[in-house]
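Here are my notes on this model, point by point. Have the structure open while you go through them.

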Amino acid sequence: MTLLRSAASRALLALAVALAGCAGQAAAPPQPLAVQPVAWPPSADLGPVRAVADDGRRVVLFHDGAAAVFVDGALARVERAPHRWVGAAALPAPDGHGTWIVGVDAEGRLLRLPGQGALEPVSDRYGLERAPVRAALGLGGAGAAFALDGEIAVADGATVTRYATGPLATFAAGGGRVAFALGDGLRALDVAARALRSYPLPDGPAPLLAVTGAGRLLAATPAALYEEDAAGVLRLRLRASAALHGLAVSGDRVWFADGDELGVLDGTGARETRGARLPRGGKLIGSPSGDVWLLASGALRRFSAGGGGAAPAWDDLAPVVARACAPCHLPGGEGGVDLSTPAAWTTTTSLRESIARRVLEERTMPPPGRALSEADRARIRAFLGRMRPPEP
């Protein structure tokens, strides 16, 4: 990798800046939300959970001195290691093949947990061998973003570019953008264009930030939740009933915590639970499945919106297939395998395993030009996992 350090990148991201205002229109009160706790097995009494990373199929819980690996919801192994963890993430591998589960320890080191074997240091694989890492996040596609001491670093699989920012109050990434808060406002960097948009701080202190898979910025102060519109303006979406203290993107869904209630923001608007009595000091962590993790005082819980756990219908998956799999996998297509109907996906166990390996694990399919989002992959994973081939 080539480490780029231009004069412009060292001058507080001196890129093209476009100012956007915060709209102050009224927001409708949230509608009721039903959530379903998702059962999760204990990880061999390893003590408080410090961080969690989730790539859809694998979930890794990071405890002080150990990491517990779950595959398809079952405890697969426990890896002992003398580390104190401060964060974790599922990141694109630096070579572009697959996803790595990494932990961030208190010394600022990135450590990868491979499918088999011990934790291995990988800061150098992202061009950060001399830089303490404080947080790591996937950018979507092949990119990853890292919060350093007074800098952010962006790795795209070929180069690593570092930008001086000063001390970061908050940090978020997704959809090819990196968002962060400084003392005088919010910034969102479009990585591909190297263009920076600046926003005045909404009402209150430096907010929680999140970026959707489509690159849309969200900011939550204790008083309100804002969402960026197509014109780049932060629009008021919710006035808090108590105080907002959690924000996370999970696939196509945005989760928030309002006092002791859990909420969801999606295309239908904002909805909140009634009487959930969640701990107010908890942190929300997104999952590509659409569920959300709640980490509070070392205890980890998982929630699903609505009924929770229902398999997606073919109508939900069909648009993904039409966009990413056609025309290669229509009848008579050049791919040689028809995937245009639900029956085709469940013909044989070997076909389902091949789809899972190439689309979800190796990520060699679909070919370039037909990218899948993490939400798309989550739909495919759920469909494969809950459909069964017909009996012989």
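1. Helices (H or I, at least four residues) and strands (E, at least two) are DSSP runs, numbered from the N terminus. With that in hand, look at Pro32, which stands opposite Glu272 in β28. Two bridges join β3 to β28 (residues 269-272), and the two run parallel.

2. A word on provenance. This is a predicted model, with local features needing pLDDT of at least 70 and side-chain atom pairs counting only at pLDDT 80 or more, while totals for chains, interfaces and linings use all residues. Residues are numbered from 1 along each chain as its sequence is written, and side-chain values use heavy atoms, with hydrogens and water left out.

3. Back to β3. This strand belongs to an open sheet of five strands, in the order β3-β28-β27-β26-β25, with mixed pairing. The edges are taken by β3 (31-32) and β25 (244-250), each with a single partner strand, so one side of each has no neighbour in the sheet.

4. The other sheet I'd look at is also open, with four strands in the order β21-β22-β23-β24 and antiparallel pairing. Its edge strands are β21 (208-211) and β24, each pairing on one side only. On average, neighbouring strands here are turned by 20° against each other, direction ignored (axes are lines fitted to C-alpha atoms, for helices over the stretch in contact, and angles run from 0 to 180 degrees between N-to-C directions).

5. Within that sheet, β22 (residues 217-220) and β23 run antiparallel and are joined by three bridges; Ala219 has Tyr226 of β23 as its bridge partner. Between β23 (residues 224-228) and β24 (residues 234-239) there are five bridges, again antiparallel. There, Glu227 is partnered with Arg235 in β24. Check the turn too: this hairpin has five residues between its strands, and Gly232 takes a positive phi near 85°.

6. Which residues does Phe303 touch beyond its sequence neighbours? Leaving aside those within four places, its contacts (heavy atoms within 4.5 Å) are Val35, Gln36, Pro37, Val38, Trp255, Leu262, Leu278, Asp291, Val292 and Leu294. Phe303 is found in β31 (residues 299-305) and counts as buried at 4% relative accessibility. For the cut-offs, buried means under 20% relative accessible area, exposed over 50%, and partly exposed in between (1.4 Å probe, protein chains only). Leu262 is 41 residues from Phe303 along the chain, with a C-alpha separation of 9.4 Å.

7. On charges, the structure holds 17 salt bridges, a salt bridge being a side-chain nitrogen of Lys or Arg within 4 Å of a carboxyl oxygen of Asp or Glu. Take Asp291 and Arg302, whose closest N and O atoms are 3.0 Å apart. Asp291 lies in the loop between β29 (283-286) and β30 (292-296) and Arg302 in β31, so the pair ties together parts that are eleven residues apart in sequence. Asp291 counts as buried at 11% relative accessibility, and Arg302 counts as buried at 11% too.

8. Glu120 is partly exposed at 29%, and Arg112 is partly exposed at 21%.

9. Helix α3 (residues 349-361) has Leu351, Arg352, Ile355, Ala356, Val359 and Leu360 buried. Seen down the axis, these fall within an arc of 135°, so they line one face of the helix (the arc is that of the directions from the helix axis to the C-beta atoms). Just after α3, Arg363 takes a positive phi of about 60°.

10. Finally, the cores. A nonpolar core is a set of buried Ala, Val, Leu, Ile, Met, Phe, Trp, Tyr and Cys residues joined through side-chain atoms within 4.5 Å. The largest has 19 residues, of which Leu91, Leu110, Tyr126, Leu128 and Phe146 touch the most other members. Its largest share, three residues, comes from β10. Apart from it lies another core, of 16 residues, including Leu339, Leu351, Ile355 and Ile380.

Methods
Pairing = 2+ DSSP bridges.
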